[in-house]
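Thanks for coming. I will take one residue, then its surroundings, then the chain.

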Amino acid sequence: YVQIPTKRTENQPDTLTYILIALSSVVYSFSARLSQSLIAMDMELLVNMGALFGPFTVLKCEWWRLITAMFLQGGMTHLLMNMFSLYIVGRGAEMYFDRKSYVSIYFLSGIIGGLVSLYIHPVSVGVGASGAIFGVFGALAGFFLAHRDNIASHSKAFMKYFGVIIASKLVLGLSIPS
């Protein structure tokens, strides 16, 4: 007999999600100031700040860009959608995963997302936390599916949020060029 925990029992505040949101927001504020626009970022500036760009990331072996790109955003709408998504999924992840697992899932998913982005679009500028956020979504979805009998009420609410976030990200992704 193995007991599956439905939530972490530690009394830890949900701080990691807020730290990730704060870091992305501070980086966005800095890039907006340098771009002289709150709405859209200068792509050359984003590359100079560490965005994914195949010729630099792969050919010049600047692999650190796989991390820095997760904290850069292409514009205000991009920032707001990613941070809203991170707020929803991150708080859930902090309830069900320990800190080390959550951080590992976030960064490994972001790195894998960046690598896939580089493979598909080797000469495009890539920024954002979408790969990391979708990785956390996937981990939570897998957790809820694996333990659906023990946490039925939580899994239904999560799946509702999951659907809303996926739909909004698809609409946003298909409606904005590049």
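Start at Ile133, which touches Asn82, Ser85, Leu86, Val89 and Tyr106; residues up to four places away in sequence are not counted, and contact means heavy atoms within 4.5 Å. This is a predicted model, where local features need pLDDT of at least 70 and side-chain atom pairs count only at pLDDT 80 or more, while totals for chains, interfaces and linings use all residues. Residues are numbered from 1 along each chain as its sequence is written, and side-chain values use heavy atoms, with hydrogens and water left out.

Take Asn82 from that list. Asn82 sits in helix H5; helices are DSSP runs of H or I with at least four residues, strands are E runs of at least two, and both are numbered from the N terminus. Is Asn82 buried or exposed? Asn82 is buried, at a relative accessible area of 0%. Buried means under 20%, exposed over 50%, and partly exposed in between, using a 1.4 Å probe and protein chains only. Beyond its neighbours within four places in sequence, Asn82 contacts Gln73, Gly128, Ala129, Ser130, Ile133 and Lys169.

Now the core. The largest nonpolar core has 30 residues, and Leu86, Tyr102, Tyr106, Ile133 and Leu140 touch the most other members. Such a core is a set of buried Ala, Val, Leu, Ile, Met, Phe, Trp, Tyr and Cys residues joined through side-chain atoms within 4.5 Å. Helices H1 (16-35), H5 (76-96), H6 (99-120) and H7 (130-146) each give it two or more residues.

Last, the chain: 8 helices and 2 strands, in the order α-α-β-α-α-α-α-β-α-α. Of its 178 residues, 38% are buried.
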